[in-house]
Amino acid sequence: MIPILAHGFGAGSNLPLPRWLLAYLLAFAVLLVALAIRVTAPRPLWKADGERPRERRDDRPPIASLVGLALYVLLVVLASASATGEVGFVSVTVISVLWLAGIVLAALTGGWVAAFSPFDAIGWLIDRRDRDVDHDRPQPPTWTAALGLFAFLWFWLVYGLRAPNDREIAVFLCVYVIAVTAGVSVWGRAWVQRGEAFTAVFRMLGAASVLSIDPDTRRPRLRAPLRGIAERGAVLGTTALVAVLLGGVAFDGLSQTSWWLQVLGSKTGWSLNLVNTIGFVWVTVVIAAAIIGAARLAARLADRDVPDLGERFAVAVVPLAVGCWLAHELTTFLIDGQNFIALASDPTGRGWDLFGTIDNPTNYSVLTPVQTTTVGAIAILLGGAGAAVLAHEAAFGSLPARAALRAEWPLVVTLMIGVIAATALLLGT
């Protein structure tokens, strides 16, 4: 049994139409959505008040987060006890189940995924001081979330070459929790919500869901799709976080192209890691520059200074990022989801069969190439359409109507280019 832990494979074969034509059709569909929303709603759909971190003034234990912490510790123990040190149960769990499935589940279920973050429990255990009188602590930064996410994606896609083994996973989890503990010690528990990578990502994705959690009653409630993330407004650090989130999947697609394989040549070891690191950074910087550049051009066309438009536009890119991850990693999840069930019977590679599933066969053809590409194309289309709606909100929420009509075009064109690039890189590579 070999977990793949890589990009989805098989897409791009036997397509009903050329990939270039598919890319242009998806971009044209995004343009039609943008035009439709301009005509039908020449004003913001929702008011963006901006997300304000809620200070926790009670000492009640975060039960869901404590459960997440217990699972985190269990994964570290299992990975450290791995008999073979090969890619196994913990690698599949962390990458395919918790990360890949977590992205989609967060976008579907709201804040429930983020509620199980083990790092809030660490904040609760460490930061027990009275927040009402602790005024000397520096404001929690948000750039650390992008840095932490970059570290994880680099560890998986560059250092681990998409297949880090269980013992390497154990080392990463230990180093990461040490970094989080240091962050909580310096900035307090409130830092976890927007400064810790996974909590920040899953909270941001959860804001796009139709489900939300009432902050007062803690009960679920329904809302319009994308409304939560539109109302989130401009949050400092969103551009960097979204650039890394989208840059990771873009680099994963780029690294499978024949052009990049020619760039790598016969490099191995740390020379290979260095070139891949440069590629990952380059892709991420290009995405960040596109977001910032589109926002600045929009502000220039509107002839107004809109300092928060970049962060608002970064919020708009979130649905496209989710669509890209789903399109690119669907096969990974479907196959390694089967491997997860099988490997659960032998989590340390010692020949156990705890649940009688170790010999379960893995169906590597769970989807045909055409089905995989079709689902991926739909995911990119829906992500691009959602991004077009949020780009409308970004422009009309920051500018008067006439100025917003002019400013919206650079945002929409940037999204169309993003859809074309996503289709070229993620479908059929």
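This passage describes the fold, confidence and selected local features of a predicted model. Residues are numbered from 1 along each chain as its sequence is written. Local features need pLDDT of at least 70 and side-chain atom pairs count only at pLDDT 80 or more, while totals for chains, interfaces and linings use all residues; side-chain values use heavy atoms, without hydrogens and water.

The chain holds 16 helices and two strands. These elements are DSSP runs, numbered from the N terminus: helices are H or I with at least four residues, and strands are E with at least two. Of the 429 residues, 52% are buried. Buried means under 20% relative accessible area, exposed means over 50%, and partly exposed lies in between (1.4 Å probe, protein chains only). Among contacts with a separation of 6 or more, 82% link residues 24 or more positions apart. A contact here means heavy atoms within 4.5 Å.

Confidence was examined next. The mean pLDDT of the chain is 86, and 89% of the residues score at least 70. This score is the predictor's confidence in each residue, from 0 to 100. Helix α6 (residues 143-159) has the highest confidence, at 96, whereas strand β1 (residues 211-213) has the lowest, at a mean of 78. Residues 6-13 have pLDDT below 50, yet this stretch makes 26 contacts in the model beyond near neighbours in sequence. Residues 52-57 also fall below 50, with ten such contacts. Where pLDDT is low, predicted coordinates should not be read in detail.

Two packed helices are described by the angle and the distance between their axes. The axes of α2 (residues 63-80) and α3 (residues 89-109) come within 8 Å and cross at roughly 140°. Helix α2 is therefore oblique to α3. Angles under 35 degrees count as roughly parallel, over 145 as roughly antiparallel, 65 to 115 as roughly perpendicular, and the rest as oblique. Axes are lines fitted to C-alpha atoms, for helices over the stretch in contact, and angles run from 0 to 180 degrees between N-to-C directions. Helix α2 contributes Leu75, Leu78 and Ala79 to the contact, and α3 contributes Phe89, Val90, Thr93, Val94 and Leu98. Seven of these residues are nonpolar, one is polar and none is charged. Here Ala, Val, Leu, Ile, Met, Phe, Trp, Tyr, Cys and Pro count as nonpolar, Asp, Glu, Lys and Arg as charged, and the others, Gly among them, as polar.

Leu78 also touches threonine 348. Threonine 348 sits in the loop between α14 (309-343) and α15 (369-398). Its relative accessibility is 4%, so threonine 348 counts as buried. The side chains of threonine 348 and arginine 350 form a polar contact of 3.4 Å. A polar contact is a pair of N or O atoms within 3.5 Å; within protein, one must be able to donate a hydrogen and the other to accept it, and residues adjacent in sequence count only if both atoms are side-chain atoms.

Aspartate 252 belongs to helix α11 (residues 238-254). This aspartate is buried, at 0% relative accessible area. Its side chain makes polar contacts with arginine 162 at 2.5 Å and with histidine 328 at 3.4 Å.

Most residues other than glycine have a negative phi. Leucine 226 has a positive phi of about 75°, in the loop between β2 (220-222) and α10 (227-232). Aspartate 303 has a positive phi of about 55°, in the loop between α13 (269-302) and α14. Leucine 226 is buried, at 15% relative accessibility, whereas aspartate 303 is exposed, at 69%.

Technical notes: Lists of a residue's contacts leave out its neighbours within four places in sequence.
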